[in-house]
Amino acid sequence: RNKTRNMRYRSKMSYHSKSKRNIADLKYVESEKGYFNNLWQSIRFRKIPHNLRGRDHILELWNKHKKEYGRRCRYTGIELTTKRSTGEGWQKSRPTNISIDRINPDLPYEEGNIVFCTWEFNNRKSGVTPKDCKIILKVYEELHARS
């Protein structure tokens, strides 16, 4: 009987320890340092071409961005967040979370070719190149010049 009570006590303790650890993990993941660590890992482990020196280099570039644009998307001006996704894959990512966009997708992630923007905008932009944008604008202007 005493043994059963001790086992229940230990399982309650491990549950509380796990929940405290989960809260601490969530706080870290949603901090800038933790969030950018995950961004760096996604670039590194997917073996995406880059000329970045690591998480600290990305944080350095982010701090430069914040001095000039605040915590706002370079493209849309929307406030950027670092909230954890809902855990259901990229489709359930938070639309306002920080994403690193390569201005020219043909070039690697590197200083001078990256912009901090919302995940949603980056997902919409996808692999469109600056050359594609010029073509789209030309067609748009031709269509609207007629009306």
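User: What is the phi of Lys47, which follows α2?

Analyst: The phi of Lys47 is positive, near 55°. The model is a predicted one, in which local features need pLDDT of at least 70, side-chain atom pairs count only at pLDDT 80 or more, and totals for chains, interfaces and linings use all residues. Residues are numbered from 1 along each chain as its sequence is written, and side-chain values use heavy atoms, with hydrogens and water left out.

User: What makes α2 a helix, and how does its reach compare with the expected span?

Analyst: Helices are DSSP runs of H or I with at least four residues, and strands are runs of E with at least two, numbered from the N terminus. α2 has 14 residues. The expected span is 1.5 Å times one less than the number of residues. From first C-alpha to last, α2 reaches 20 Å, close to the 20 Å expected.

User: Which residues of α2 are called buried?

Analyst: Buried means under 20% relative accessible area, exposed means over 50%, and partly exposed lies in between (1.4 Å probe, protein chains only). In α2 the buried residues are Gly34, Tyr35, Phe36, Asn37, Leu39, Trp40, Gln41 and Ile43. Glu32, with a relative accessible area of 22%, is partly exposed.

User: Why is the contact of Arg71 with Glu32 called a salt bridge?

Analyst: The term requires a side-chain nitrogen of Lys or Arg within 4 Å of a carboxyl oxygen of Asp or Glu. The closest N and O atoms of Arg71 and Glu32 are 2.4 Å apart, and the pair therefore qualifies. Arg71 lies in the loop between α3 (55–69) and β1 (98–102) and Glu32 in helix α2 (residues 32–45), so the pair ties together parts 39 residues apart in sequence. Arg71 is partly exposed, its relative accessible area being 26%. Glu32, Lys66 and Arg71 are linked in a network of salt bridges.

User: How do you know that Glu111 and Lys64 form a salt bridge, and what does the pair tie together?

Analyst: Their closest N and O atoms are 3.2 Å apart, so the pair meets the rule. Glu111 lies in the loop between β1 and β2 (114–118) and Lys64 in helix α3, so parts 47 residues apart in sequence are tied together. Glu111 is partly exposed at 45% relative accessible area, and Lys64 is partly exposed at 44%.

User: Are Lys125 and Asp101, which form a salt bridge, buried or exposed?

Analyst: Lys125 is buried, and so is Asp101. Their closest N and O atoms are 3.3 Å apart. The pair links Lys125 in helix α4 (residues 119–125) with Asp101 in strand β1, 24 residues apart.

User: How many salt bridges does the rule give?

Analyst: The count comes to 8 salt bridges.
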